[in-house]
Amino acid sequence: MKLNLIFSAFAAAIVLAGCQSRHKIVSVRDADTGYPVSGAFVYAASSDSPDPFAGCALLRTNENGKVSIDGYHSGLFILAGKEGYDVARSSEWAGEIERGGIVETEIKLKKEGKHNCRLAKVEFFRPFPDDAESAAIAEEMSDYFGRRNTIVCTYGEPAVIDAKIVVRDRKTKKPVSNAMVLVQQRTSAFEVDDFITTTDSSGVAAVPLELFYSSLTIDAGKEGYYPSKRFRKNPYKHGVYEVEIGVKPKSSNYIVVVSDTSEFSKRKTDIPLWERFKEYCKKVGVPIKYKSETR
């Protein structure tokens, strides 16, 4: 009995060793011609890892359009691209072929067409390796995506941009200067960032915003106008929003909800802009709901 157990364990070890010894490569080819694409950047990461800080590999294909990705055998995610081509991801693979212990996965890159307007996008990656070669590839990737209106971000790290909120007169569409803008951004289940500011002479308010958020609330208003929290996000520009303010609608149940009750208190504060906003809401008949403050 013991002999059988020993033999079974030995056989399993041989099989496992054989599986682990497989050499795995990615072959990047032109989707139209089938020719290898040399000098393409390749990002490889184990997508089944729950750790956002788990590492990844940044590689470049050789003259045969190939690169080794040994060490990434489980839940593999691959992204590849090169100037002149659209980026391709693991879901766009042509499939795997195994020959003599070598597993080759083929990614086909399509020639890039002409794009006059590109939607603003964000691409998230695991933390890049910090060696010189990887840093050079990371810079190339960032430039590649940047030319395509895409910002490269890292999981687990903040990605804050200076967002622009444009306030306009609903009727004339002209910018409204010195309008008050209260911004509340939820970045996690337990964290909400609140800001209050005013628009400049061009009707623009600058606010730091996280690119990756779960919800965003904007309340804009000015004396002589009824406030509005309805905004439009410009799909072609990063962090650009528009709010139109005008007269009070016939029916309205407008409420301003405040998350940061420590700073934007219902009691008297030393923040002139917040005191102005409270007085403004009182005059237009808009109640302010303080989430947790009881004093």
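Q: Which residues do ring pairs link into a cluster?
A: This is a predicted model. In it, ring pairs join Phe-41, Tyr-43, Phe-77, Phe-125, Phe-128, Tyr-144 and Phe-145 into a cluster.

Q: How many aromatic pairs does the structure hold?
A: There are 14 aromatic pairs.

Q: How is a pair of aromatic rings described, and what is the case for Phe-41 and Tyr-144?
A: Two values describe a pair of aromatic rings: the distance of the centres and the angle of the planes. For Phe-41 and Tyr-144, the centres are 5.2 Å apart and the planes stand at 75°. Planes over 60 degrees apart count as edge-to-face, so this pair is edge-to-face.

Q: Where in the chain do Phe-41 and Tyr-144 lie?
A: Phe-41 is in strand β2, residues 41–46. Tyr-144 is in helix α2, residues 132–146.

Q: Is Phe-41 buried or exposed, and is Tyr-144 buried or exposed?
A: The cut-off for buried is under 20% relative accessible area. Phe-41 has 0%, so Phe-41 is buried. Tyr-144 has 2%, so Tyr-144 is buried.

Q: What kind of aromatic pair do Phe-125 and Phe-128 form?
A: A tilted one. The distance is 5.6 Å centre to centre, with 45° between the planes. Phe-125 is buried at 1% relative accessibility, whereas Phe-128 is partly exposed at 23%.

Q: Which charged end sits over the ring of Tyr-144?
A: That of Arg-148, 3.8 Å from the ring centre. Tyr-144 also pairs with Phe-41.

Q: Which residue lies over the face of Tyr-254?
A: Lys-229 does, at 4.8 Å from the ring centre.

Q: Now the sheet. What is the order of strands in the open sheet of four strands?
A: The order is β14-β11-β17-β16, and the pairing is mixed.

Q: Which strands stand at the edges, and why is one side of each left without a neighbour in the sheet?
A: The edge strands are β14 (204–210) and β16 (231–233). Each has a single partner strand, so one side of each lacks a neighbour in the sheet. On average, neighbouring strands of this sheet are turned by 30° against each other, direction ignored.

Q: In which sense do β16 and β17 pair, and over how many bridges?
A: β16 and β17 (residues 240–245) pair in the antiparallel sense, over three bridges. Opposite Tyr-241 in β17 stands Lys-233.

Notes
Residues are numbered from 1 along each chain as its sequence is written. This is a predicted model: local features need pLDDT of at least 70, side-chain atom pairs count only at pLDDT 80 or more; totals for chains, interfaces and linings use all residues. Side-chain values use heavy atoms; hydrogens and water are left out. Rings of Phe, Tyr and Trp (its six-membered ring) pair if their centres lie within 6.5 Å; planes under 30 degrees apart count as stacked, over 60 as edge-to-face and the rest as tilted. Helices (H or I, at least four residues) and strands (E, at least two) are DSSP runs, numbered from the N terminus. Buried means under 20% relative accessible area, exposed over 50%, partly exposed in between (1.4 Å probe, protein chains only). A charge sits over a ring if NZ of Lys or CZ of Arg is within 6 Å of the ring centre and within 35 degrees of the ring normal. Two strands pair if DSSP finds at least two bridges between them. Axes are lines fitted to C-alpha atoms, for helices over the stretch in contact, and angles run from 0 to 180 degrees between N-to-C directions.
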